[in-house]
Amino acid sequence: MGVATAEYVNYMKALSTHVAAAERSHPSSREAAPARPWLFFRRWIANPLQMGSVVPSSAALCARIVRQTRRQPDEAVLELGAGTGVISRALLAAGLPPERLFVVEIVPDMAAHLRQALPGVQVIEGDARALPELIPPQWHGRIGTVICGIPLVLLPLPAQRRFIDAIEAVAPGRGFLHYSYCATSPLPARRHGLVGRREAWTPLNFPPASVWRYVPGR
Ligand SMILES: C[S@@+](CC[C@H](N)C(=O)[O-])C[C@H]1O[C@@H](n2cnc3c(N)ncnc32)[C@H](O)[C@@H]1O
């Protein structure tokens with residue numbers, strides 16, 4: 001780790017400790033923050049590669065993802081790596097019935113928060129690589145859009161492949177949306193047998209973000 005990065009991490013740790021103390025003395029301030037950015041922060045400090053970002057997705061990014069989300073009335077939407085649930089909330093606000101939304105989150109604290117914050121939504125605590133076991137069999141093939149927030153760009157090719165295969169197993173032929181802070185495609189689409197297309201971009205996110213759609217190539 002470089003000196004600047006180490007200093008930044010130390011700064012974030014100190015900030016997080018300070019905020020945790022403030023939350024303890026004013027518990028209502030914690031409940032009032034719908035996106036729980038400090039929960040996100042603490043998880044970023046604990047495991048930056050798993051989080052991929054320092055702060056939750058912005059409203060502008062959520063709006064772009066919602067716009068790209070499609071499903072038939074009898075289909076569900078599946079969000080992988082839901083974090084603080086800001087995208088889930090935007091989907092619900094746009095009219096998605098809660099029982100038609102599955103969210104998968106690997107961090108127990110975040111899954112517990114999602115369960116509390118998203119009543120009626122099917123919150124699954126688990127590793128998205130195990131999707132075929134996590135999603136009830138009656139929903140396999142009935143998922144209109146998969147939204148992937150897991151930072152796949154940070155993973156080696158075989159590890160990316162495991163996520164892609166897991167998605168294909170529960171949503172065959174559908175591909176997935178993937179938001180990312182990369183200037184170019186976060187996945188080597190052709191090497192995974194996918195076709196990738198940037199559907200949207202917003203500078204109103206930290207860092208600026210794109211929404212990519214990957215579908216199986218023909
Ligand atoms: C970029 S963050 C999601 C941000 C989210 N949109 C928000 O604003 O809160 C990525 C999320 O993926 C989760 N994650 C990472 N690896 C995962 C895995 N294998 N299965 C499920 N969730 C995972 C992390 O815990 C984190 O919450």
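Against which helix and strands do the buried residues of H6 pack? In this predicted model, local features are described where the pLDDT is at least 70 and side-chain atom pairs count only at pLDDT 80 or more, whereas totals for chains, interfaces and linings use all residues. Residues are numbered from 1 along each chain as its sequence is written.

Helix H6 covers residues 86-93, and its buried residues are Val86, Ile87, Ser88, Ala90 and Leu91; a residue is termed buried if 20 or more other C-beta atoms, placed from the backbone, lie within 10 Å of its own, exposed if 12 or fewer do, and partly exposed in between. These buried residues pack against helix H5 (59-68) and against strands E1 (76-80), E2 (101-105) and E4 (143-148), where contact requires the C-beta atoms of two residues, placed from the backbone, to lie within 7 Å. Helices (H or I, at least four residues) and strands (E, at least two) are DSSP runs, numbered from the N terminus. H6 is followed by Gly95, which has a positive phi near 110°.

The seven strands of an open sheet are arranged in the order E3-E2-E1-E4-E5-E7-E6, with mixed pairing; strands count as paired if DSSP finds at least two bridges between them. Strand E3 (122-125) and strand E6 (194-202) stand at the edges with a single partner strand each, so one side of each is left without a neighbour in the sheet. On average, and with direction ignored, neighbouring strands of this sheet are turned by 20° against each other; axes are lines fitted to C-alpha atoms, for helices over the stretch in contact, and angles run from 0 to 180 degrees between N-to-C directions.

Within the sheet, E4 and E5 run parallel and are joined by two bridges, with His178 in E5 as the bridge partner of Cys148. Strand E5 (residues 176-180) also pairs with strand E7 (residues 209-216), in the antiparallel sense and over five bridges, and here Phe176 stands opposite Tyr214 in E7. Because five of the five residues of E5 are buried, E5 is largely enclosed by the rest of the structure. In a regular strand the side chains alternate between the two faces of the sheet. Both faces of E5 are covered, with Phe176, His178 and Ser180 buried on one side and Leu177 and Tyr179 buried on the other.

The ligand is surrounded by 24 residues, of which the closest are Pro56, Ser57, Gly81, Gly83 and Thr84; a residue belongs to this shell if its C-beta atom, placed from the backbone, lies within 6 Å of the ligand. Helix H4 (48-51), H6 and E2 are the elements that give two or more residues to the shell. By residue class, the shell divides into 13 nonpolar, eight polar and three charged residues, with Ala, Val, Leu, Ile, Met, Phe, Trp, Tyr, Cys and Pro counted as nonpolar, Asp, Glu, Lys and Arg as charged, and the others, Gly among them, as polar.

Arg129 is located in the loop between E3 and helix H8 (131-134) and is partly exposed, with 19 other C-beta atoms within 10 Å. When residues up to four places away in sequence are not counted, Arg129 touches Arg162, Phe163 and Ala166.

The protein chain averages a pLDDT of 85, and 79% of the residues score at least 70, pLDDT being the predictor's confidence in each residue, from 0 to 100. Over residues 1-12 the pLDDT is below 50, and this stretch has four contacts in the model beyond near neighbours in sequence.
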